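Reader: I am new to this structure. Could you walk me through it in short steps?

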Amino acid sequence: MRVAVVGGGIIGLCAAHYLERHGAEVVLLERGEVGGGCSKGNGGWVCPSISRPLPAPGLTLTSLRWMLRSDSPLYIKPSAMPGLMGWLWAFRRHCNAGSYGAGVAALAALNAATDRLYRGLADEGVEFEHAERGTILAYDDEGERRQAAELLTKLGEERVGPVDMLDREALREAEPDLGGNLIGLRMRGDTHVRPESLCSGLAASLEARGVEIRTGERVVGFTRAGRRLRAMVARNPGTGRAEEIGADAFVLAAGAETAALVATLGRRLPVQAGKGYSITVRNARVQLSQPLHVTPARIGFTPFRGAVRTIGTMEFSGINLRLDPRRVAILERAARRYLPGALDGAERVDWVGMRPVTPDGLPAIGWLPGLPNVCVATGHQMLGVTLAPSTGHALAQLVLGGRSELDLAPFDPARFT
């Protein structure tokens, strides 16, 4: 079977990897550079322990108004509100205990093979930076930490690995440069990767196995044969030349822009761009041994070889890659307070990327209704790196074998019709 994958981020690359491993002939199309979108500057956390839907119990109209402030961790740009109202209303409807609990369980099931699949990628020769050091969540509120610990207990150690309670002294011992006099939880089963290296490693492995990767080409349309797609039409913006690329099946994994592709097929997929920001400093003057999330500031830090990345914020302002300096300033203030030295080093790169977010906080994985040879894989919000291998593996089984060993019902795109 010939399968066309649209999107060269971590989700599309993992889908292409497992499709090829299961015997498909694969062509992958990316409008920019492979791994150059949302996969490029994120934190790289592989964190089954904190895989949860974004809509959570407790969201109120008051907090929605707070989100209109540009200095808040979650920001909704006022000019984007008219186009977001329906999506935000659907998001709010999922902010209840029932939806949240079901979402946590669904993500835990999707994560069941995460560790095994990442180890498999390394064993197969995919080269990428990968560290097994756990993750720390730091708190200034004992009640909030207790709620998180109770949720981890319900999920069970077999799903999230061992969890350590860290008092102030233990947290200072684990991360001496962390300020704020905080307490913490350490999830020893979590790992992290450098996402740029994972994308480049997957791309190199795919090309070495004969997969055709076409970059700098945008999908501008599709041709049909009855209810099935026959080909996609790709255009090179530089030359203006358009070309049909035929396939037996199509996987749309273009992140936040997948919704626009789906719309050209007469279908609806409510995916919005939740923009995240990061600051990467080479040779940062700080000691950090593992990924760290500072809950009071809603900010995270990741140590890489020779660099520290500060990550955080969520901005809804439509499909765009405008870098708002006010959002970067949020990261700067929090970093200076909690991890002095994280912004001081040899070189600094500020970044923004569009995370694909659905109103129920769960990815859309599966066949598009009424189009029997078109799959989508998007909506992974802040969990793209965590969920990419299991998503790609499940999709390969679905496309080539008709069904996945994993129950994909909670992620069925048909739930939005």
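This is a predicted model: local features need pLDDT of at least 70, side-chain atom pairs count only at pLDDT 80 or more; totals for chains, interfaces and linings use all residues.

Reader: Is threonine 295 buried or exposed?

Author: The cut-off for buried is under 20% relative accessible area. Threonine 295 has 6% relative accessibility, so the residue counts as buried.

Reader: Which residue of E16 is the bridge partner of leucine 137?

Author: E6 also pairs with strand E8 (residues 183–187), in the antiparallel sense over five bridges. There, isoleucine 136 stands opposite arginine 186. E6 and E16 run parallel and are joined by three bridges. In E16, the partner of leucine 137 is histidine 293.

Reader: Where does glycine 341 lie, and is glycine 341 buried or exposed?

Author: Glycine 341 is in the loop between helix H11 (325–338) and strand E19 (347–357). Its relative accessibility is 14%, so glycine 341 counts as buried.

Reader: How far apart in space are glycine 341 and arginine 285?

Author: Leaving aside neighbours within four places in sequence, glycine 341 is in contact with Ala284, Arg285 and Val286. Glycine 341 and arginine 285 are 56 residues apart in sequence. From C-alpha to C-alpha, the distance in space is 4.9 Å.

Reader: What is the order of the strands in the open sheet of six strands?

Author: Its edge strands, each pairing on one side only, are strand E10 (212–215) and strand E20 (364–368). The twist averages 20° from one strand to the next. Pairing is mixed, and the order is E10-E2-E1-E14-E21-E20.

Reader: Which residue in E21 stands opposite phenylalanine 250?

Author: Strand E14 (residues 249–252) and strand E21 (residues 371–378) pair in the parallel sense over three bridges. Opposite phenylalanine 250 stands valine 374.

Reader: At about what angle does helix H1 run to E2?

Author: Helix H1 (residues 10–21) lies across strand E1 (2–6), strand E2 (25–30), E14 and E21. Its angle to E2 is about 170°.

Reader: Which residues have the most contacts inside the largest nonpolar core?

Author: In soluble globular proteins, nonpolar side chains tend to be buried together. Here the largest nonpolar core has 67 residues. Leucine 19 touches Val251 and Ala396, among others. The residues with the most contacts inside this core are Leu19 and Val251.

Reader: Why does the span of helix H12 agree with its length, and where is its kink centred?

Author: H12 has 18 residues (384–401), which at 1.5 Å a residue should span 26 Å. Its end C-alpha atoms are 24 Å apart, which agrees. H12 is mostly covered, with 16 of its 18 residues buried. The kink is about 25°, centred on serine 390.

Reader: Which residue follows H12?

Author: This residue has a positive phi, near 90°. It is glycine 402.

Notes: Residues are numbered from 1 along each chain as its sequence is written. Side-chain values use heavy atoms; hydrogens and water are left out. Helices (H or I, at least four residues) and strands (E, at least two) are DSSP runs, numbered from the N terminus. The expected span of a helix is 1.5 Å times one less than its number of residues. The bend at a residue is the angle between axes fitted to the seven residues ending there and the seven starting there. Buried means under 20% relative accessible area, exposed over 50%, partly exposed in between (1.4 Å probe, protein chains only). Two strands pair if DSSP finds at least two bridges between them. Axes are lines fitted to C-alpha atoms, for helices over the stretch in contact, and angles run from 0 to 180 degrees between N-to-C directions. Contact means heavy atoms within 4.5 Å. A nonpolar core is a set of buried Ala, Val, Leu, Ile, Met, Phe, Trp, Tyr and Cys residues joined through side-chain atoms within 4.5 Å.
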